[in-house]
Amino acid sequence: MDYKKLSVAALIALGSSMVFAQDAEIATWAGFRKAAVSFTFDDGPQSDVDVALPMFEKYGYKATFNIVTNWANGGGNNGMLNWSGVQKLSAAGHEIASHSDSHPNGKPMPSNEISSSKGTISQKIQQKYGVVTLAYPNCDTPGDAQVLQNYVVGRICNGSWKGGSDIMGKDGPSNWAAVSALMTGNQGTSDFKGNMDKAVQQGGWVAFLTHGFQNKTNGFADYSPTDANGMDGALQYAQQKDKDIWVAPMGYVAMYIKERNASKIEPQDGGAANSMTFKLSHTIADNISKYDYPLSIKVKTDWSKVEVTQDGAKLESKVDGGYVYFDAVPNAGSIVVKDANASVESSSSSEVESSSSEFLCDALIPGCGDNPWAIAPEIQDNFHFAVYRSSDNYIVVSGAQGHEITVFNSLGHKLRTTRGLGAEQKVYTGAKGVYIVKVGNKTRKVKL
C-alpha cells in the first residue's frame, strides 16, 4: 500500500441526516509518485555551477551539494567554488550540505569536523532548514552517534559496499548515518535510467554520487568524473516519468520519510456541509530540524472544484479522479477543504485574484506605473528564501515561513497571496511566462 490511510464516517446534517466518507491519505512519496531519486555532488568544484546548475534549472530539479569548507575558503583559483559560488547554488533552491572541513585522504574525517563544518556552512550560507546532510569523505563515518546528533542524514557510498542495498526502501536505510549513494562516472555507474527504474519497481529511493564532469573544471573533485550528457539524459528521463519519479535533495527526502512515518491526519469536529477540516501532525522533536517539509495529501471528494487552506493560508490543489490533492505541513495549523462551487466568498481563487487592481510596482515603487517590471531594492533583514520552478510547473518558494507571499504576472497584476508555512511551498501554477514573487519586502523573478 502506497500510503497511510485514515477513514471515518462524518455525519453532516443537510435538512436530513446523511453520511459522507472522508478519506485522507498521506503519500509515500511527494506527489503520490512511486519512487524518490536524489542527485548528490561532492567537494564543490567549479563545474557544479558551470554545468550542474543550468542543467538542473532546465528540468526544474534540485540536488544536494556537499561542500569541503576549507576548499571553499580558498576557492576561485584552484578549480573549486568560493562561497559566492556556493551561494549561487543555495539561491537557486539546492541543498548545501557538509563534506567535512579538510577532506583527509584515505581515512575518516576527524570527529570534531562533524560539527565544525556544519557551523562554517551555517555562517556562510543561509538556509532556513539549516545544514541537515553530511557526506563522508572516503565514505567512512567518523561515528554514527555523533553524526546523528548533528544531521538528519549521513551519506556513505554504494550501500552494497557496506553490506546494505543500493536501492533503499520506502522507509529509508536501517541506519540514517549510512545512507547509500551510487558512485557515477568511469569508476561507477552510468546507468541512471536502469537504477531509477529499479527504484520505481521497488517503490524505494535511489541516490547518486558525482565528482565533477568529464573535461570540465573540477579542481580537487577529479575522481570518477561523470559524462554531462549522460546526466542530462537521466534528468530528461526523470521528467518524462515525472508522475512516477520524485527528484529531490537528499535532506528533503530524508525529512519527508521521517515526517511521513511519524505523522497522522485526523478529521476535526465542526465541519460544515460544504467543508472538511483536518489536522496533520507529528511528534518528531530534536535540535536538528523543525521537520516542516510538506507532505502530499489526498482527500476523497465529490466536489468538482475546491479551495484548500492551512491556518488560513491558501494551498495549491487539484481535483482528479474523485480526490483533491495538495501538500500540507505537519503541525502548521488546521487544513480546511472547501467546496468552491458552493462558496459565495471565494476571494482567494485565482480567478478573483487575477482581476485584482493591485499592481506590483504600485505596492513597491510609487509612480512606476509605466514600468511593471520595476523591482524594489533589496531590504536587508534576517531571512533568506529561494524561488524556483518545479518539474511539475509550479512556482515554489523555500525558506519563507511566516512571511506573506504574493505572485504577480508580467503586467504586475496580483495573482495569488498566501503565507509561507514550511521548508518549501508550492504557491502558484499557470501559463508559461515570467512571474514576479514578492516575499516580505523582497522580490524575485521566475519563469514557468
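Which residue forms a salt bridge with aspartate 197? Lysine 193 does, with the closest N and O atoms 3.4 Å apart. A salt bridge here is a side-chain nitrogen of Lys or Arg within 4 Å of a carboxyl oxygen of Asp or Glu.

## Basis of the model

This is a predicted model, in which local features need pLDDT of at least 70 and side-chain atom pairs count only at pLDDT 80 or more, while totals for chains, interfaces and linings use all residues. Residues are numbered from 1 along each chain as its sequence is written, and side-chain values use heavy atoms, with hydrogens and water left out.

## Salt bridges

Side chains of opposite charge can pair when their charged atoms come close. The count of salt bridges in this model comes to 16. Aspartate 197 and lysine 193 are four residues apart in helix H6 (residues 192–202), and are therefore separated by about one helical turn. Helices (H or I, at least four residues) and strands (E, at least two) are DSSP runs, numbered from the N terminus. Aspartate 197 is buried, with a relative accessible area of 15%, whereas lysine 193 counts as partly exposed at 46%. Buried means under 20% relative accessible area, exposed over 50%, and partly exposed in between (1.4 Å probe, protein chains only).

Another salt bridge joins lysine 298 to glutamate 25, with 3.5 Å between the closest N and O atoms. This pair links distant parts of the chain, 273 residues apart: lysine 298 is in strand E13 (residues 295–300) and glutamate 25 in strand E2 (residues 16–27). Lysine 298 is buried at 12% relative accessible area, and glutamate 25 is buried at 1%. In the salt bridge of arginine 155 with aspartate 42, the closest N and O atoms are 2.8 Å apart. Here too distant parts of the chain are linked, with arginine 155 in strand E7 (residues 153–155) and aspartate 42 in strand E3 (residues 35–43), 113 residues apart. Both arginine 155 and aspartate 42 are buried. A network of salt bridges links Arg33, Asp242, Asp392 and Lys426.

Strands of a sheet pair through backbone hydrogen bonds, either parallel or antiparallel. Two strands pair if DSSP finds at least two bridges between them.

Four bridges join E19 to E20, and alanine 386 has serine 398 in E20 as its bridge partner. The hairpin of E19 and E20 has five residues between the strands, and asparagine 393 in this hairpin takes a positive phi near 70 degrees. Strand E20 (residues 395–398) also pairs with E23 over four bridges. In E23, glutamate 424 is the bridge partner of serine 398, and lysine 426 stands opposite valine 396. Both faces of E20 are covered, with Ile395 and Val397 buried on one side and Val396 and Ser398 buried on the other.

## Around glutamate 404

Glutamate 404 lies in strand E21 (residues 404–408). Leaving aside neighbours within four places in sequence, glutamate 404 is in contact (heavy atoms within 4.5 Å) with Thr417, Thr418, Arg419, Lys438, Val439 and Gly440. Glutamate 404 and glycine 440 are 36 residues apart in sequence, and 5.9 Å apart in space, C-alpha to C-alpha.
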